[in-house]
Amino acid sequence: MSGRLLPRDRDPVDRTDLPIRITVDGEPLTGIAGQSVAGVLLAAGRTSWRTTRSGAPRGVFCGIGACFDCLLTVNDVPDVRACRRPAADGDEIRTQSREERA
Ligand code: FES
């Protein structure tokens, strides 16, 4: 998974570039329709958004929904895999850690 956003004319996917806005811990971010939540975060320069019990940072590891390293809370639903969840306009996202779940 890449944190870069290809220019539309060079992207092999016929995308529309319809803009979307989400918030992450209250911070507004913009993306384009069709991006995953992880894609929006990576494109914004965020490489980690969760911490383990030991405090180690986690973000995207597998990028295909297998490792669960990218978990966050989307619209009050916890443990959503950011790499699998398409971002939607108006999504309210919160990062999460093991400590808050204990
Ligand atoms: S990065 Fe592995 S499940 Fe999302």
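This is a predicted model: local features need pLDDT of at least 70, side-chain atom pairs count only at pLDDT 80 or more; totals for chains, interfaces and linings use all residues.
Biologist: How are the strands β5 and β6 joined, and which way do they run?

Modeller: In general, strands of a sheet pair through backbone hydrogen bonds, either parallel or antiparallel. Here β5, residues 71-74, is joined to β6 by 3 bridges, and the two run antiparallel. Another pair of facing residues is Val74 and Val77, the latter in β6.

Biologist: What lies between the strands in the hairpin of β5 and β6?

Modeller: There are 2 residues between the strands of that hairpin. Asn75 has a positive phi there, near 50 degrees.

Biologist: Which residue in β7 does Val74 stand opposite?

Modeller: Val74 is across from Ile93 in β7. Strand β7 covers residues 92-94 and is joined to β5 by 2 bridges, again in an antiparallel arrangement.

Biologist: Which way do the side chains of β5 point?

Modeller: The general idea is that in a regular strand the side chains alternate between the two faces of the sheet. In β5, Leu71 and Thr73 point one way, while Leu72 and Val74 point the other way. Are they buried or exposed? All four are buried.

Biologist: In what order do the strands of the open sheet come?

Modeller: The order of the 5 strands is β2-β1-β7-β5-β6, and the pairing is mixed. The edges are held by β2 (27-32) and β6 (77-81); each has a single partner strand, so one side of each lacks a neighbour in the sheet. From one strand to the next, the twist averages 40 degrees.

Biologist: How many helices and strands does the chain have?

Modeller: It has 2 helices and 8 strands. Read from the N terminus, the elements are β-β-α-β-β-β-β-β-β-α. The radius of gyration is 14 Å, close to the 13 Å that the globule rule gives for 102 residues, so the chain is as compact as a globular protein of that length.

Biologist: What does the C-alpha trace span along its principal axes?

Modeller: The spans are about 45 × 25 × 20 Å. Of the 102 residues in the chain, 34% are buried. Among contacts with a separation of 6 or more, 38% are between residues 24 or more positions apart. The accessible surface is about 6,400 Å², and carbon and sulfur atoms account for 50% of that surface.

Biologist: Take two single residues. Is Thr52 buried or exposed?

Modeller: The cut-off for buried is under 20% relative accessible area. Thr52 has 14% relative accessibility, so Thr52 counts as buried. Thr52 sits in the loop between β3 (50-51) and β4 (57-58). Its side chain makes a polar contact of 3.0 Å with the side chain of Ser54.

Biologist: And Asp14, is that residue buried or exposed?

Modeller: Asp14 counts as exposed, because its relative accessibility is 73%. The residue belongs to the segment before β1 (19-24).

Biologist: How many residues apart in sequence are Asp14 and Gln96, and what is the distance in space?

Modeller: Asp14 and Gln96 are separated by 82 residues in sequence. From C-alpha to C-alpha, they are 34 Å apart in space.

Note on methods: Residues are numbered from 1 along each chain as its sequence is written. Side-chain values use heavy atoms; hydrogens and water are left out. Two strands pair if DSSP finds at least two bridges between them. Axes are lines fitted to C-alpha atoms, for helices over the stretch in contact, and angles run from 0 to 180 degrees between N-to-C directions. The radius of gyration is taken over C-alpha atoms; the globule rule is 2.2 Å times the number of residues to the power 0.38. Buried means under 20% relative accessible area, exposed over 50%, partly exposed in between (1.4 Å probe, protein chains only). Contact means heavy atoms within 4.5 Å. Accessible areas come from the Shrake-Rupley method with a 1.4 Å probe; for residues, only the protein chains shown count as cover. A polar contact is a pair of N or O atoms within 3.5 Å; within protein, one must be able to donate a hydrogen and the other to accept it, and residues adjacent in sequence count only if both atoms are side-chain atoms.
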